[in-house]
Amino acid sequence: MTNWPREEGAGRCLIFNPTYLFASHDDDFSMSRVSKSFLSYAYLWPALAVLIALTIFPTIYTIYLSLSEYKSYVLTHQFVGAKNYIDLMNQANFYNSLHVSALYVLLTVAVSIFFGFVLALALNQNLRATSIFRAIVILPFTIAPIITGFTWRYLFDSNQGLVGAFILPLLGLNFGSILGNPTNAFVGIVFADVWSKTPLMFLIILGGLQGISPTLYKAAKIDGASVISSFMHITLPLMKRALIIAVILKVIDSVNSFDQVYVMTRGGPGNATQVLAIEGYLIAFSNYNIGMAAALGVVMIVISVISISILIRYYNKT
Amino acid sequence: MRNSKLSCHAPSPLLRMHQHRSFTMSLGLIMRAHSDSSIQRKAYHLMGDFITLSCELNLNRHKNNKKVAISTMAAAIVVIVILVIAGVAGYYLYSAMAPAQTTGIIPTTTAAPVTVNIITFDQGLVWTDLWNATTNQPLAPLLEFERRYNININVEFDDEATVRQKVQADFASGAGRYDITLADTSNLLQVYGSSGQLYPLDQFYTQSSPNYTPSEFFNYTDFIPKALEACSYEGHLYALPYFTFASSFNYRADLFQKYNVQVPTTISEMMNVTLPALKAGMRADGTYGNVYPIALRGEPKETTALDVNAFIYGFGGTWFQGGYSTVAEVKAHHALPAFNSTAVVNAIKTYAMMGREFSTLDTPSYDFSKEISLYQSGKAAILFPQSVNAFVAQKYGDPSITSKMAYAPTVVGPTGQPFDEIWSLAFGISKFTHNPTAAWLALTFLMSYPRQLYFAEGYFPNPSLLSVLLSPDLTKVWGKDTMQVMIDELARSNPHFIAYIPEANAINVKMGEVTSAVMAGQMTPPQAGQALQDYAYQLLLSDGYYS
């Protein structure tokens with residue numbers, strides 16, 4: 001073969017290649033290898049510094065706070081061990097918030113993914129107006145959650161709200177008060193969240209659907225498969241990974257949901273919609289007990305990590 | 001063929017020609033001589049050359065692309081840096097060239113002014129004579145003060161919840177960002193006054209004190225005594241009040257006349273006669289559902305608890321057994337909470353019944369803005385019990401409705417005590433201030449007679465100074481009857497209608513929550529009282545009140 005001159009080092013990965021580092025090479029290159037590896041790791045420090053500052057340090061500090069007595073009206077902050085956790089577990093509201101959050105996560109994840117899937121299936125066509133409809137579907141996601149909360153708070157008002165005072169009575173649906181009734185208020189916050197977050201699920205699922213080759217459907221059709229059969233045996237299996245990603249993102253979002261719910265109901269009426277995040281907010285800024293709020297934050301981290309680990313493990317298996 | 005100049009540079013036309021030639025030759029040979037293995041081998045070699053050459057070209061192209069990318073990024077960074085420098089330079093140039101204030105005020109000293117920072121909510125309501133309500137630019141009275149005293153006052157406005165969080169963060173960090181902070185009398189005053197994070201103000205106005213600082217704006221005896229009592233904790237004054245309001249019975253005189261209903265004087269009359277009569281009349285003429293007898297707030301927050309506490313006081317209830325209301329008293333007497341008492345349970349029950357039976361079903365989610373909106377839009381005959389909310393409704397509502405609003409003394413309970421609350425928007429000096437003397441002068445200026453008169457005449461007749469409350473100017477604006485109600489209610493209010501303990505706000509939040517729950521049918525009044533009792537006891541036990 002004709003020998004063309006090659007650029008020195010071409011084809012070698014200089015950034016990070018442990019096998020290259022530990023392979024036997026000429027000794028003449030050992031010092032430059034060490035300096036190159038140091039240089040390689042040095043490029044990681046900016047990203048690491050940001051990670052430490054914004055994620056690792058706050059987490060460690062939160063754990064520290066959760067083990068301290070930290071109240072705004074007490075000047076000393078002594079170490080109290082698990083006292084904050086014990087006090088938290090002794091509060092009836094904690095278990096109520098846990099229950100409300102669990103139900104909230106379950107419903108918002110299931111309903112938003114369901115509707116996201118339906119919309120994605122419907123709009124996974126190359127028709128003329130598909131792009132316009134896709135843009136319309138995405139619109140609610142572009143609105144800030146706090147604005148969404150305010151909007152639905154006034155829409156649901158049974159005296160002056162467009163939905164509560166006009167649309168629902170016109171349709172003959174008399175639920176009474178929406179935000180003033182415990183059950184209705186819970187349904188209301190789930191509805192508002194689904195309305196706001198379904199577009200995100202739609203985008204993720206649509207991306208997954210568009211990754212499925214149409215030839216599979218053609219082949220299935222040739223073999224006599226029905227629409228439902230194609231869906232069950234082609235679409236769903238190939239969509240598993242995208243669906244799991246969607247579930248993971250929505251679970252994270254729902255567990256940490258605060259602003260939209262707080263603006264709509266303040267956790268009320270009573271404590272009917274008091275999710276864990278609102279409970280933590282009240283403990284920190286109404287009860288002035290930062291230590292107990294940090295303990296609740298740690299509990300929320302544990303819950304999130306466990307549930308997401310299970311999902312990621314399932315994702316890796318598929 | 002070999003070309004030693006082929007390496008990292010852009011592919012030359014000669015190289016491209018080689019590439020094309022190799023490829024076409026190889027293809028042609030392969031196609032023509034299938035059986036001739038030597039020709040085939042040559043063709044394949046040429047194909048190999050072509051592939052290698054292509055790779056080289058791609059590599060060079062990638063390198064060139066990479067170089068172009070680096071160059072572009074470098075150019076972008078240079079442009080950004082230039083823009084930033086230009087922007088900063090332009091800002092300072094503009095500031096230097098900006099015209100001076102046109103008030104003609106000339107500084108009296110060349111020394112650098114001291115800066116005092118204050119944080120509050122209600123932008124567009126408070127101190128609109130000092131800062132423009134929309135642009136936040138300082139106005140003439142403030143500039144005159146700043147010139148005379150060489151003190152610059154910077155105000156930071158935000159919504160109420162954010163203000164409380166910022167104050168909390170400032171105290172927690174000890175940064176001293178705010179010299180003058182919000183210290184309202186049902187919440188922050190108790191929290192920060194009890195922990196010594198606010199300056200006791202008596203050291204500034206007591207002549208024998210080493211920190212005595214005379215101020216032409218301060219007259220202790222002119223403040224409404226109940227307002228000063230509300231701003232005091234354990235005998236020390238920690239804040240000065242800006243506006244102070246008590247309760248009143250606020251109603252629509254035209255609707256009372258229409259349904260032939262009298263203004264009640266007792267809670268029993270209100271619950272058994274007034275409200276049912278209004279409801280019956282509205283049902284009879286088909287307006288019930290569009291109009292309600294009463295507007296209340298019921299959201300699960302401490303703001304609802306402020307009104308519930310007025311009911312507790314009216315029913316003769318107290319927070320602690322024995323009626324104790326300070327930390328020292330409670331600890332000394334080991335006084336347990338009394339939230340499961342008959343009086344407190346009756347108070348919660350009555351308040352919840354008002355909201356459930358005589359108001360909109362949305363009441364358990366209503367905050368003060370929705371309560372005001374309901375009354376202001378003509379959909380409620382009564383707003384109870386806060387007077388200030390009724391004034392807001394009257395000031396910003398439709399004149400055809402607001403002209404019919406009237407004020408009467410609040411009702412009394414079975415023990416003869418009024419259903420009264422008192423609350424002050426008050427401000428204190430942070431212990432972390434860098435200049436307490438300047439902060440004191442600024443604070444007294446902000447609470448002075450002209451400021452309070454401007455507010456009371458323009459917005460609500462709820463000043464904290466007697467000279468303003470009793471002034472003929474205010475009476476001319478609001479009417480003699482209305483002002484007499486305000487004066488009387490302030491006089492008979494009790495600032496200790498809630499306990500003055502640092503846990504007050506936490507207990508109030510819980511009180512709002514259980515009241516909202518009763519109103520929504522989630523729990524019964526006895527269950528609410530017991531839940532509140534258990535919560536308060538656990539909280540106080542945890543805070544070392546009981547051993």
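**View 1. Strand 7 and strand 10 of chain B run side by side in opposite directions.** In this predicted model, strand 7 (residues 249-252) of chain B is joined to strand 10 of chain B by 4 bridges, and the two run antiparallel. Strands here are DSSP runs of E with at least two residues, helices are runs of H or I with at least four, and both are numbered from the N terminus. Two strands pair if DSSP finds at least two bridges between them. Look for B:Arg252 opposite B:Met405 of strand 10, and for B:Tyr251 opposite B:Ala406 of strand 10.

A word on reading the labels: residues are numbered from 1 along each chain as its sequence is written, while chains are lettered from A and ligands numbered from 1 in the order in which they are written. As this is a predicted model, local features need pLDDT of at least 70 and side-chain atom pairs count only at pLDDT 80 or more, whereas totals for chains, interfaces and linings use all residues.

**View 2. Strand 7 of chain B also pairs with strand 9 of chain B.** On this side, 2 bridges join strand 7 to strand 9, again in the antiparallel sense. B:Tyr251 faces B:Ile382 of strand 9, and B:Asn250 stands opposite B:Leu383 of strand 9. In a regular strand the side chains alternate between the two faces of the sheet.

**View 3. Four strands of chain B make an open sheet.** The order is 8-9-7-10, with mixed pairing. Strand 8 (292-295) and strand 10 (405-408) stand at the edges with a single partner strand each, so one side of each is left without a neighbour in the sheet. From one strand to the next, the twist averages 25°. Strand 8 and strand 9 of chain B pair in the parallel sense over 3 bridges, and B:Ile294 has B:Ile382 of strand 9 as its bridge partner. Helix 13 (residues 368-376) of chain B lies across strand 8 and strand 9 (380-383), running at about 135° to strand 9. Axes are lines fitted to C-alpha atoms, for helices over the stretch in contact, and angles run from 0 to 180 degrees between N-to-C directions.

**View 4. Helix 10 of chain B crosses helix 21 of chain B.** Helix 10 (residues 302-314) packs against helix 21 at an angle of about 85°, with the axes 7 Å apart. That makes the two helices of chain B roughly perpendicular; angles under 35 degrees count as roughly parallel, over 145 as roughly antiparallel, 65 to 115 as roughly perpendicular and the rest as oblique. Helix 10 contributes B:Glu302, B:Thr303, B:Thr304, B:Ala305 and B:Val308, and among the residues of helix 21 in the contact are B:Asn508, B:Gly512 and B:Ser516. Residues are in contact if their C-beta atoms, placed from the backbone, lie within 7 Å. By class, this contact of helix 10 with helix 21 has 4 nonpolar, 7 polar and 1 charged residues. Ala, Val, Leu, Ile, Met, Phe, Trp, Tyr, Cys and Pro count as nonpolar, Asp, Glu, Lys and Arg as charged, and the others, Gly among them, as polar.

**View 5. Chain B meets chain A.** Here 45 residues of chain B are in contact with 35 residues of chain A. The elements of chain B that give two or more residues to this side include helix 2 (37-97), helix 21 (504-519) and helix 22 (525-542). The residues on the chain B side divide into 18 nonpolar, 17 polar and 10 charged.

**View 6. Helix 11 and helix 14 pack together in chain A.** Helix 11 (residues 227-255) and helix 14 (residues 290-317) of chain A pack at an angle of about 175°, with their axes 10 Å apart. The two helices of chain A are therefore roughly antiparallel to each other. Among the residues that meet are A:Ile244, A:Val247 and A:Val251 in helix 11 and A:Met300, A:Ile303 and A:Leu311 in helix 14. This contact of helix 11 with helix 14 divides into 13 nonpolar, 2 polar and 1 charged residues.

Key:
Contact = placed C-beta atoms within 7 Å.
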